[in-house]
Amino acid sequence: MNAVPQPLPAAGERLPAPALAGLIADALGVCGLPSDDAASVAELMVEADLTGADGHGIFRLAQYVRRLRGGGVNPRPAITAQRLAPALARVDGDNGMGHLVMRRATEIAVDIATEAGLGWVGVRRSNHAGPASLYVDSLARRGFIGIYSVVASANHMAPWGGTSLLLGTNPLAIAIPGGAGAPPVLLDIATTVVSYGTVKKHVLNGTPMPEGWMVSKIDGTPVTDPARSGEGVLLPIGGHKGSGLALMLGLLAGTLNGAAFGSEVVDFNADSSTETNTGHFILALDVGRFMPLEVFAATMARQLDELRHDAPLPGTDGVRIPGDRRAVLRAARLREGVPLPAPLRRQLDDLAATLGIAPLAARF
């Protein structure tokens, strides 16, 4: 696992999670979200920061504010759901904040799976909803296996063998209940070698990118200067396999739901006024329909323990089960605070001044 380039380590001072949540909620409230909705989005954004998804937490606040103020996102959506079959439903997000839409879709998936054993919920007319891990984690902690994907909110990858930006990072997240107080086994991966949020962090911090993340769409040479990221395309994981996976997930999350895919995708980084019609899907599977949850958890714990204690491959730190680092980070950041790079802190202070709300320094 250590051969995969890791996200840029966060640096700078550490701030308590409640301070970040308060700033986010106030900023979104100024943009028209009802207080309960603003608090709900803030909770999910800070959870992203706590669990190490630094490119999807408070880092995105200024972008969300731009789209809300520019009319690209509906601050007071009427989110609706249609039951399509005993185990199927589709949610129309009414162009609301993606976090609110996906939280609703996740609850519907739980309701259906509780009744039918399996619940598949498709989503259309949504927006960027943060890291995929948020929603499958919620399912796994309630005894369900969760599977989630989304059409990314901008295209940064070409189809294998092509040059046009027609595919997104289209992530895949799978979570399996850990049981007995253990965190879920949770895989959350982009279908590109690295997420574009990580690229944006390098742009913000002015830090060079490793070779192998992006290539120039003009001549195919590596792009390592973050200032040139706009002329690059992200590379898929596993070559043609990652490209194919991005395509299939995009068809399931986008096309199947009547949501955007391919050239229909609106780049929410560059456009603050156009509805994106983002599509997602989430699946909940009731473990208890196969065996008692405690039996499943005990069996899985034994099998995972065997994997963790495998002899380390030379040059690595040994086996790491998906979700382990996430759990360790969350505990540390709850205790020590969330690290904010200096450029992001300045951006947030400027945003607070523009919106007329208390800056971070006044919140802890």
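Guide: First, a term: on a 1 Å grid over the protein atoms alone, a pocket is an open set of points with protein on both sides within 12 Å along at least five of seven lines, and its lining residues have an atom within 4 Å of a point. Grid points are joined across faces, edges and corners, and the volume is the space filled by probe spheres set on the points. This is a predicted model: local features need pLDDT of at least 70, side-chain atom pairs count only at pLDDT 80 or more, and totals for chains, interfaces and linings use all residues. Residues are numbered from 1 along each chain as its sequence is written, and side-chain values use heavy atoms, with hydrogens and water left out.

Visitor: OK, how much space lies in the second largest pocket?
Guide: About 210 Å³. Its lining includes Glu 43, Glu 47, Arg 103, Glu 107, Tyr 135, Asp 137, Arg 141 and Arg 142.

Visitor: How do the lining residues divide into nonpolar, polar and charged?
Guide: There are 3 nonpolar, 2 polar and 7 charged. Here Ala, Val, Leu, Ile, Met, Phe, Trp, Tyr, Cys and Pro count as nonpolar, Asp, Glu, Lys and Arg as charged, and the others, Gly among them, as polar.

Visitor: Which element gives the largest share of that lining?
Guide: H5, with 4 residues. Helices are DSSP runs of H or I with at least four residues, strands are E runs of at least two, and both are numbered from the N terminus.

Visitor: And is H5 largely enclosed or open?
Guide: Largely enclosed by the rest of the structure, because 7 of its 8 residues are buried. Buried means under 20% relative accessible area, exposed over 50%, and partly exposed in between, with a 1.4 Å probe and protein chains only. Leu 134, Tyr 135 and Asp 137 are among the buried residues of H5.

Visitor: Switching to the core. How many residues are in the largest nonpolar one?
Guide: It has 65, and Ile 58, Leu 61, Val 121, Tyr 148 and Ile 282 have the most contacts inside it. Helix H4 (residues 98–116) gives the most, with 9 residues. A nonpolar core is a set of buried Ala, Val, Leu, Ile, Met, Phe, Trp, Tyr and Cys residues joined through side-chain atoms within 4.5 Å.

Visitor: What is Ile 58 in contact with?
Guide: Leaving aside neighbours within four places in sequence, its contacts include Leu 20, Leu 23, Ile 24, Met 45 and Leu 340. Contact means heavy atoms within 4.5 Å.

Visitor: Which residues are buried in H1, then?
Guide: Among them are Leu 20, Leu 23 and Ile 24. What covers the buried residues of H1 includes H2, helix H3 (61–69) and helix H10 (342–355). After H1 comes Gly 32, with a positive phi near 110°.

Visitor: Which residues have a positive phi although they aren't glycine?
Guide: Asp 94 does, at about 50°, and so does Asn 170, at about 20°. Most residues other than glycine have a negative phi. Asp 94 lies in the loop between strand E3 (88–92) and H4, while Asn 170 is in the loop between strand E5 (144–150) and strand E6 (172–176).

Visitor: Is Asn 170 buried or exposed?
Guide: Buried, with a relative accessible area of 1%.

Visitor: Last one: what does Lys 217 touch?
Guide: Not counting residues up to four places away in sequence, Lys 217 touches Thr 163, Leu 165, Gly 230, Glu 231, Gly 232 and Val 233. Lys 217 is partly exposed, at 35% relative accessible area.

Definitions and conventions: On a 1 Å grid over the protein atoms alone, a cavity is a set of points where a 1.4 Å probe fits but cannot get out, and a pocket is an open set with protein on both sides within 12 Å along at least five of seven lines; lining residues have an atom within 4 Å of a point.
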